[in-house]
Every structure is written in C-alpha cells, then in structure tokens.
Amino acid sequence: MREDGKLDYLELPAANLPATKEFYSQAFGWTFVDYGPTYAAFDQGLDGGFDADQADQTKTPLPVLYAHDLEAMQAKVEAAGGRIVKPIYSFPGGRRFHFADPAGTEMAVWSEGG
C-alpha cells in the first residue's frame, strides 16, 4: 500500500531514449513499458521512468513522492516553505505537482486517479 510522503518513483532525464533503454537493457537486463515515443517506465526495485521530452523533462533526477490527497499535500508543502514549480496537472495514470524545497531541490508529488 502506498503511503503519504514516501518515495514512490524516480524519473530520470534521457536525451536519447532508444540509446538509454539499450544501455540499461544490455548492462542490467532492465525491461521497459513505453508510454509514447518520449517516455519509458521501469520497475527495478523502485518504479521509475526515463523522460525524453525535451520540453517537459527535468535536468536532474526527479524523486516523486506519493499522496492520497494531492491538494492537501500541496497545501502542506507550501505551508512548510516549499515553492510550487508546476501546479497540479494530469498525466496518464494520475495527477501530480512539482515543488522546490528550501534548498532548491525539485521534487514531485503524485496521486492516482484523474
């Protein structure tokens, strides 16, 4: 069962998605589920995905936390001093928002459903 505030997913930038998938497949035996031409998900002890969408991807790894109530979690993040980088938006599989912590580290919080 997913828990609020726990690390749930890791998103990594990928400039060349086919080459990235080939590397991890050959080096470590990873398999992928493709979600369109610019995103490939993996499940290797921690779920995650490679994002090749140059307009949307972060430049560094993006830790993604989980929340049952996304709006309530966004309010808690803001009350604690976090800065919202991307307000709540929908994506295939759920909704999420991005925030920066007081040190400037970007993270995201997601929730299932639409």
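**Reading a loop residue, a sheet and a pocket**

Me: I see the side chain of Gln57 coming to 2.5 Å from the backbone oxygen of Asp51. Where does Gln57 lie?

Reply: Keep in mind that this is a predicted model. Gln57 belongs to the loop that links strand 4 (47-51) with strand 5 (62-66).

Me: Is Gln57 buried or exposed?

Reply: Start from the cut-off: under 20% relative accessible area is buried. Gln57 has 12%, so it counts as buried.

Me: How do strand 3 and strand 4 pair?

Reply: Look at direction, then at the bridges. These two are antiparallel, with 5 bridges. Ala41 faces Gly49 of strand 4. Tyr39 has Asp51 as its bridge partner there. Between the strands of this hairpin come 3 residues, and Gly45 has a positive phi near 95°.

Me: In what sense do strand 1 and strand 4 run?

Reply: They are parallel, joined by 4 bridges.

Me: Why is strand 4 called largely enclosed?

Reply: Count its buried residues. They are 4 of 5, so the rest of the structure largely encloses strand 4.

Me: And side chains along a strand: how should I picture them?

Reply: In a regular strand they alternate between the two faces of the sheet.

Me: Last, pockets. What volume does the largest pocket have?

Reply: The general idea is a rolling probe. A probe the size of a water molecule, rolled over the atoms, shows where empty space is left. Here the largest pocket has a volume of about 640 Å³.

Me: Which residues lie nearest its centre?

Reply: Tyr9, Glu11, Tyr39, Phe91 and Pro92 do, out of 25 lining residues. By class, the lining has 12 nonpolar, 9 charged and 4 polar residues.

Me: Which strand gives the most to that lining?

Reply: Strand 3 does, with 4 residues. Strand 1 (7-13), strand 3 (39-43), strand 4 and strand 6 (83-91) each supply at least two.

Note on methods
Residues are numbered from 1 along each chain as its sequence is written. This is a predicted model: local features need pLDDT of at least 70, side-chain atom pairs count only at pLDDT 80 or more; totals for chains, interfaces and linings use all residues. Side-chain values use heavy atoms; hydrogens and water are left out. Buried means under 20% relative accessible area, exposed over 50%, partly exposed in between (1.4 Å probe, protein chains only). A polar contact is a pair of N or O atoms within 3.5 Å; within protein, one must be able to donate a hydrogen and the other to accept it, and residues adjacent in sequence count only if both atoms are side-chain atoms. On a 1 Å grid over the protein atoms alone, a cavity is a set of points where a 1.4 Å probe fits but cannot get out, and a pocket is an open set with protein on both sides within 12 Å along at least five of seven lines; lining residues have an atom within 4 Å of a point. Grid points are joined across faces, edges and corners, and a volume is the space filled by probe spheres set on the points. Ala, Val, Leu, Ile, Met, Phe, Trp, Tyr, Cys and Pro count as nonpolar, Asp, Glu, Lys and Arg as charged, and the others, Gly among them, as polar. Two strands pair if DSSP finds at least two bridges between them.
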